[in-house]
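Please keep the sequence and the structure in view while reading.

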Amino acid sequence: MKDILETKQEGRVLRVWLNCPDQSNSLTTELCRELVDTLDRAEKDGNVGSVLLAGRGESFCTGMDLNELATGDVEKVSRLQEILFTMGARLTKPLIGAVQGAALASGTGVVANCHVVIASENATFGLTGIRLGLWPFVIFHAVSAAVGERRAIAMTITGEVLSAAEALRTGLVHKVVPIGELEQRALEVAQTVANYSSHAMHTGLGFVRTVQGQTWKDAAGVGRLIRDQFLKSTEFQADLRVFLNQKSTNQGKDVWRPEG
């Protein structure tokens, strides 16, 4: 029996695939739970520097399993998806999305929760739930944060499907590449960020979460306190010494790639 979520550790990158291609990787309760548990474990694992999320088959993810939504425990599904669709704010390790084919409805919500998104030229995105009478309650905030509230409202009420190029212009994705290059290009990004300072990533992404919704003045005050603590930390001082030594050895070339 195949795993509905496939994982593989490559160096400091944890590769994760939604593995229900026959159902276009629709988000069943079981798949949501597996993904939440996997990301929670990755967050606590010191050997993981980044997570690379992709989908097996022709589609990345086409949203919730509608049959399950019609017959399942609504409150149970909602609680689980509330956790899933706030993962971008909760994680303090980079989550990289590699998106091919359709990423629709809740699939767009998963994309919006990724910190960096690489999409193939054939990728499509959209908040299509309105077509069947569903408002994207639990994913709206993440999509709004990615593309802006006005654009997110327009996407919701029209149910329009965006091409990869259109998604790039809105800020939902960060890079569009040829289909045959998606896996390698996304892996390169994941490997790069995985080998940056985990201390900086953890502190920085935690800071972003802390100041969300604060005024610029309050956020600046919090930023100063966290920055002062960070600069005094033994982890940063060690990383800084490595950088300065390597920079001196390589005549000013920026080749720093600390492990950890």
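## Pockets, cores and cysteines

Helix 3 supplies the largest share of the lining of the second largest pocket, namely 4 residues. The model is a predicted one, in which local features need pLDDT of at least 70 and side-chain atom pairs count only at pLDDT 80 or more, while totals for chains, interfaces and linings use all residues. Residues are numbered from 1 along each chain as its sequence is written, and side-chain values use heavy atoms, with hydrogens and water left out.

**Terms for spaces and elements**

- On a 1 Å grid over the protein atoms alone, a pocket is an open set of points with protein on both sides within 12 Å along at least five of seven lines, whereas a cavity is a set of points where a 1.4 Å probe fits but cannot get out; lining residues have an atom within 4 Å of a point.
- Grid points are joined across faces, edges and corners, and a volume is the space filled by probe spheres set on the points.
- Helices (H or I, at least four residues) and strands (E, at least two) are DSSP runs, numbered from the N terminus.
- Ala, Val, Leu, Ile, Met, Phe, Trp, Tyr, Cys and Pro count as nonpolar, Asp, Glu, Lys and Arg as charged, and the others, Gly among them, as polar.

- The volume of the second largest pocket is about 390 Å³.
- This pocket is lined by 21 residues, and those closest to its centre are M64, L69, S106, L134 and W135.
- Helix 2 and helix 3 are the elements that give two or more residues to the lining of the second largest pocket.
- The lining of the second largest pocket comprises 14 nonpolar, 7 polar and no charged residues.
- The largest pocket has a volume of about 480 Å³.
- Among the 23 residues that line the largest pocket, G88, A89, A112, A145 and Q212 lie nearest its centre.
- At least two lining residues of the largest pocket come from each of helix 4 (87–90), helix 5, helix 6 (140–147) and helix 10 (198–211), and helix 6 gives the largest share, 4 residues.
- By class, 13 nonpolar, 8 polar and 2 charged residues line the largest pocket.

**The cavity**

- The count comes to 1 cavity of 30 Å³ or more.
- About 60 Å³ of space lies in the largest cavity.
- Helix 1 (29–44), helix 2 (66–71) and helix 3 (74–84) each give two or more residues to the lining of the largest cavity.
- Helix 3 contributes the largest share of this lining, 3 residues.
- The residues that line the largest cavity include L27, C32, M64, L69 and Q81.
- The lining of the largest cavity divides into 6 nonpolar, 3 polar and 2 charged residues.

**Burial and nonpolar cores**

- Buried means under 20% relative accessible area, exposed over 50%, and partly exposed in between (1.4 Å probe, protein chains only).
- A nonpolar core is a set of buried Ala, Val, Leu, Ile, Met, Phe, Trp, Tyr and Cys residues joined through side-chain atoms within 4.5 Å.
- The largest nonpolar core has 47 residues, of which V99 and F125 touch the most other members.
- Helix 1 gives the most to this core, with 6 residues.
- Apart from this core lies another, of 14 residues, among them I96, I118, A190 and V193.
- Helix 5 (residues 106–113) is mostly covered, as 8 of its 8 residues are buried.

**Cysteines**

- A disulfide is a pair of cysteine sulfur atoms within 2.5 Å.
- A search of the whole structure finds 0 disulfides.
- C20 is in no disulfide, and the nearest cysteine sulfur, that of C61, is 9.6 Å away.
- C20 is buried, with a relative accessible area of 9%.
- The closest cysteine sulfur to that of C114 is in C61, at 11 Å, which is too far for a bond.
- C114 is buried as well, with a relative accessible area of 7%.

**Positive phi angles**

- Most residues other than glycine have a negative phi.
- N25 has a positive phi of about 55° although it is not a glycine.
- N25 is placed in the loop between strand 2 (13–18) and helix 1, and N25 counts as buried at 0% relative accessibility.
- A105, which is not a glycine, has a positive phi of about 55°.
- A105 lies in the loop between strand 5 (102–104) and helix 5, and A105 is buried, with a relative accessible area of 16%.
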